[in-house]
Amino acid sequence: MTLFEELQWRGLIKDISSPELEKKLNEGGLNFYIGADPTAESLHIGQFPTFLMIERLKRAGHHPFILVGGATGRVGDPRGTGEREKAEISVIEHNYEKIKKQMKKLFGDEIQLVNNFDWFQHINYIDFLRDVGKYINVTYMINKDLVKRQLDIGISYAEFSYMLIQGYDFKELHDKYGINLQFGGSDQWGNLTTGIELIRKLNNEEVYAFSMPLTLDSTGKKLGKSYGNALWLDEEKTSSYEMYQYILNFEDSMVEEYLKKFTFLSKEEIESIMAEHNQYPEKRIAQKRLAKEVLDFIHGEDAYENAVKISESLFSGNIKELSAREIEDAFKGIEPFVAKEENLVDFLVEFGICSSKREAREFISNGSISVNGDRVIDLNYQITKNDSVEHKYVVIRRGKKKYFIGKFE
């Protein structure tokens, strides 16, 4: 397959600005960019396929630039669902530094990062209206999908103007660095084409853009948004174990699509994985391979192996094999209670693991209580600090899946 054919097979192309782009993508040598506004400290899993396109194009001989929007982050783009909250400047600047660091980690120190605040801080408002706003028709702007959807509920002038700012970014980068291709999610298509229109009118030159389908779950929601606010690519915000478990729970109906979009595995490799997966779906072969490919790229092979270790230790009940840090990662969503040394029956009742001493005795006698993976059936068992991992955590399991975490001070 040519590069363009492969991108289509992977489901990574939605709109293209010109038929010529197919040939130019296949030939290599384009300077391209993608933008990210620093509205959060990290990218999330739903954005991963879009930013992975940087690596795909780089491997095909194209030259990447990443724009982190220090200026556009202060404005906010239309979402089609309502006005964004106004972010504090200090927060935007903090997020910019975090995302800059994340981009370097993912794509290497040689990647060229630019910040549109570097040029917008020097632009006079009247000059911008004359030199940019004069060339983009309001009717053209209103007809863009996100703007059109938001007009019914109200859109501020700031967000309405966002596409002019992004359009000017393309022109600035084209003039300064020879960038002639921009891409982004399909919800950005109006902003992408505004840059093309501006360069066509002001420079009398042709540049290109393509959009990528948004990454959705089986219900049509943006992937990652249902996990609290998002499943972050930053390991400090979402641990490798959390990421591993999240991917392991991907639905069978979606996993082939995600293998195409989230990995560099070939068509033949994916077909082979899916054939084995479909034969033994209970083994979640496709999800496990997807988790490996994603975690290896985002966090590294050691992080992937650690996530597998935590998962297998929990499944087998070998809690004592885990370190205190691994327990923190494994039970990140569970608030630990302050543990103390006492009889197990009293311990279970005091910390809400059982509703009464009678119920506690029943669970213990039935073999339904484990302390750090060891089943306890002795009604006189005493919980002590010696039961804890690294003299810190004691993990109580009630039944097969209910976990409670105690922390000794």
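In which sense do β1 and strand β6 pair, and over how many bridges? β1 and β6, the latter covering residues 208–212, pair in the antiparallel sense over two bridges, where two strands are taken to pair if DSSP finds at least two bridges between them. Within this pairing, serine 211 in β6 is the bridge partner of aspartate 15.

The model is a predicted one, in which local features need pLDDT of at least 70 and side-chain atom pairs count only at pLDDT 80 or more, while totals for chains, interfaces and linings use all residues. Residues are numbered from 1 along each chain as its sequence is written, and side-chain values use heavy atoms, with hydrogens and water left out.

β1 and β6 belong to an open sheet of six strands with mixed pairing, in the order β1-β6-β5-β2-β3-β4. Its edge strands, each pairing on one side only, are β1 (15–16) and β4 (112–115); helices (H or I, at least four residues) and strands (E, at least two) are DSSP runs numbered from the N terminus. Helix α3, residues 48–59, lies across β2, β3, β5 and β6 and runs at about 160 degrees to β2, whereas helix α10, residues 162–177, lies across β2, β3, β4, β5 and β6 at about 145 degrees to β2. Contact here means heavy atoms within 4.5 Å, and the axes are lines fitted to C-alpha atoms, for helices over the stretch in contact, with angles from 0 to 180 degrees between N-to-C directions.

Aromatic rings of Phe, Tyr and Trp (its six-membered ring) pair if their centres lie within 6.5 Å, with planes under 30 degrees apart counted as stacked, over 60 as edge-to-face and the rest as tilted. By this rule there are 19 aromatic pairs; one of them, tyrosine 246 with phenylalanine 250, is edge-to-face at 5.5 Å centre to centre, with 75 degrees between the planes. Ring pairs link both residues into a cluster that includes Phe48, Phe107 and Phe264.

Phenylalanine 264 also has arginine 56 over its face, 4.8 Å from the ring centre, where a charge sits over a ring if NZ of Lys or CZ of Arg is within 6 Å of the ring centre and within 35 degrees of the ring normal.

Two residues other than glycine have a positive phi, as tabulated here.

| Residue | Phi | Loop |
|---|---|---|
| Arginine 284 | about 50 degrees | between α14 (267–279) and α15 (285–298) |
| Glutamate 390 | about 55 degrees | between β11 (382–383) and β12 (393–398) |

Arginine 284 counts as partly exposed at 25% relative accessibility, whereas glutamate 390 is exposed at 54%; buried means under 20% relative accessible area, exposed over 50% and partly exposed in between, with a 1.4 Å probe and protein chains only.
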